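Colleague: Could you take me through how to read side-chain pairings and burial in a model such as this one? I would like the general idea each time, and then the case at hand.

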Amino acid sequence: MTLNEIREQEIQQSIFEKIDDFRSFRFNAGAGSGKTYALIETLKYASIHKILAKKSPQKIACVTYTNVAVNEIKGRLGNSDLVHVSTIHERIWDVIKRSQPELLKCHKEKIEETLEHIEQDLQNSPKSKFFNDLSENDQRTLVEFAFENKDIYYKVKNLNAARFEDAYNQNSSDEVQTLLQRCINRNVVKFKYVLSLLYKKNSLEKCLNRIEEGKEKRVTYDSKTNSDRLHYMKFSHDTLLEYALKLVKNYKTLCRVIIDTYPYFFVDEYQDTSENVVKLLKYIHEYSVQNDRNWMVGYFGDTAQNIYEDGVGEGISDLHGELFDINKEFNRRSHEQIIDVVNKIRDDLIVQEAIYEDKNHGSVSFFIIIQKTKLKQQNNFFRFIVMSSKERLTSITIVHAKLIALY
């Protein structure tokens, strides 16, 4: 075993020590460092030495961003009833879905906030100005007609101005036709916008009444859409995280449930995790410390590999600063020549080195392809890759390659 491999084992051992002491940490590892391997070893250690050995009914949570990553972790970890591997949203929903009275309250508050925003848009948005300029009588006439012919709107809302207006004229009196012409001719997009706000407001108000009357008993997370459907008692990804954060802050019982169920909580690819997830875990972390409860979170990732714009990235240091940093600077995959280039590009504390001494036979070449159109540039780029393959080049490593149209 080489000196570097011994040092690598010491880094892994430092993770185990944090688990032993319930010390929350952030594991930073660059591309090619064996980050997923470190995560798998961590899950095995926690499950064998902390759960199985103590015959504890508790479980280990491991969350990541995509189903692809979930399947990779499960495949490498093997079957385990002790480790619950899932997407972030799936695990959070599983934890909070039983708190229906509290969720209903969150949902009611969300509807009330949305109604306030709609009312502000109706009063202040430039798109609503034509509506506010109408007399009270004309506003009332337009609203009554709109709701009497709501089905027409959803059938023709994507048509152009002329066809849209014609569909309405066929079902209106001469007086209403004159009013419609005034409104639609000003701007059909603004007219549709106001109608959509009025319909949404009406649906939410009806839903709010059902909640207040006790007719709605349950709210659910819809994992198949990115849009809330609040009036159907369904919400989407971002709202799930919003509700979960509000619940752990306002209901201490839920904090205790999470701590007792998952004393070890690991986050894969933390750089792509939403800020609300980090805030939620930080709050649980603080609660565990203040109440002397055994709980820890371990973040695994690399801020230089931030893919999604809404990911926390380097901001995790500001959101969850009470973490012990563990850096792994070895690269198991690439040769020194490639690692040197990566180190020049990175602008953080991770300065990689090859773990094996014989990794000194790589090469890096830079090519510039400039065309006036993005399409030509892309075609030439891929043509270059194909030609290089035919010339039997063993590998082409492209560091931060971007297809950029200069004109």
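**Reading side chains in the model**

Modeller: Let us begin with histidine 320, which lies in the loop between α15 (316-319) and β8 (324-328); helices (H or I, at least four residues) and strands (E, at least two) are DSSP runs, numbered from the N terminus. This is a predicted model, in which local features need pLDDT of at least 70 and side-chain atom pairs count only at pLDDT 80 or more, while totals for chains, interfaces and linings use all residues. Residues are numbered from 1 along each chain as its sequence is written, and side-chain values use heavy atoms, with hydrogens and water left out.

Colleague: Is histidine 320 buried or exposed?

Modeller: Buried means under 20% relative accessible area, exposed over 50%, and partly exposed in between (1.4 Å probe, protein chains only). Histidine 320 has a relative accessibility of 1% and therefore counts as buried.

Colleague: Which side chains does histidine 320 join through a polar contact of 2.9 Å?

Modeller: A polar contact is a pair of N or O atoms within 3.5 Å; within protein, one must be able to donate a hydrogen and the other to accept it, and residues adjacent in sequence count only if both atoms are side-chain atoms. Here the side chain of histidine 320 has such a contact of 2.9 Å with that of histidine 285, and another of 2.9 Å with that of tyrosine 299. If contact is taken as heavy atoms within 4.5 Å, histidine 320 touches Val278, Leu281, Lys282, His285, Val297 and Tyr299, not counting residues up to four places away in sequence.

Colleague: How many salt bridges does a search of the whole structure find?

Modeller: A salt bridge is a side-chain nitrogen of Lys or Arg within 4 Å of a carboxyl oxygen of Asp or Glu, and the search finds 23. One of them pairs aspartate 20 with lysine 50, at 2.8 Å from N to O. Aspartate 20 belongs to helix α1 (residues 3-20) and lysine 50 to helix α2 (residues 35-52), so this pair ties together parts that are 30 residues apart in sequence.

Colleague: Which helices hold lysine 110 and glutamate 242?

Modeller: Those two residues form a salt bridge whose closest N and O atoms are 3.0 Å apart. Lysine 110 lies in helix α5 (residues 100-124) and glutamate 242 in helix α12 (residues 237-250), so the pair ties together parts that are 132 residues apart in sequence. Lysine 110 is buried at 15% relative accessible area, whereas glutamate 242, at 25%, is partly exposed.
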